[in-house]
Amino acid sequence: MTEGDEKKRLILIVEDDPKSMILVEEILRAHGFATIGATNGRDAVEMARKAMPDLILMDIQLPEMNGLEATRILKADPLTSGIPVLAMTAYAMVGDEERALEAGCNGYISKPIDLKGFILKVQELLSS
Ligand code: MN
């Protein structure tokens, strides 16, 4: 197997803000990841079941179904419960991190995203 055959890790980005979606896509692709995107919680659950990504980057404030609800559904399903979920939120509100972890998220970052810390967290979750 040559290096070019190596399969890229797939990350599902769940984000309803188009600018944030593009930014995160560009950062991840620049670091060698493949990405797919969903813009609401309901689509995120459906897409995760179909694509079985290596990691899900989950915005919390989302239309249709919020990121916490979507994470609870994914973590309750044996098919998807093993996929690490990294939560992200625009509001660094007291209790946000606890709520994210309580919903089953494996990690948490706040927006605006700190580039270095973000990639480190993604790599950490992928290797655990
Ligand atoms: Mn949002």
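In this predicted model, a manganese ion is coordinated by Asp16 (OD), Asp59 (OD) and Gln61 (O) at 2.1 to 2.2 Å. Along the sequence, these donor residues follow the spacing D-x42-D-x1-Q. Asp16 sits in the loop between strand E1 (10-14) and helix H1 (18-30), while Gln61 sits in the loop between strand E3 (55-59) and helix H3 (67-76), so the pair links parts of the chain 45 residues apart. Asp16 is partly exposed, with a relative accessible area of 36%, and Gln61 is partly exposed at 31%.

The model has seven salt bridges.

Among them is the contact between Arg42 and Glu64, at 3.8 Å from N to O. Because Arg42 belongs to helix H2 (residues 41-51) and Glu64 to the loop between E3 and H3, this pair ties together parts 22 residues apart in sequence. Arg42 is partly exposed at 45% relative accessibility, whereas Glu64 is exposed at 60%.

Helix H3 also contributes Arg72, which forms a salt bridge with Glu102, their closest N and O atoms being 3.6 Å apart. Glu102 lies in helix H4 (residues 96-102), 30 residues from Arg72. Arg72 is partly exposed at 37% and Glu102 is exposed at 56%.

Within helix H4, Arg99 and Asp96 are three residues apart, and so separated by about one helical turn. Their salt bridge has its closest N and O atoms 3.1 Å apart. Asp96 is buried, with a relative accessible area of 9%, while Arg99 is partly exposed at 36%.

Definitions and conventions. Residues are numbered from 1 along each chain as its sequence is written. This is a predicted model: local features need pLDDT of at least 70, side-chain atom pairs count only at pLDDT 80 or more; totals for chains, interfaces and linings use all residues. Side-chain values use heavy atoms; hydrogens and water are left out. Donors are N, O and S atoms within 2.8 Å of the metal (3.2 Å for Na, K and Ca); water is not among the atoms, so sites may look incomplete. Helices (H or I, at least four residues) and strands (E, at least two) are DSSP runs, numbered from the N terminus. Buried means under 20% relative accessible area, exposed over 50%, partly exposed in between (1.4 Å probe, protein chains only). A salt bridge is a side-chain nitrogen of Lys or Arg within 4 Å of a carboxyl oxygen of Asp or Glu.
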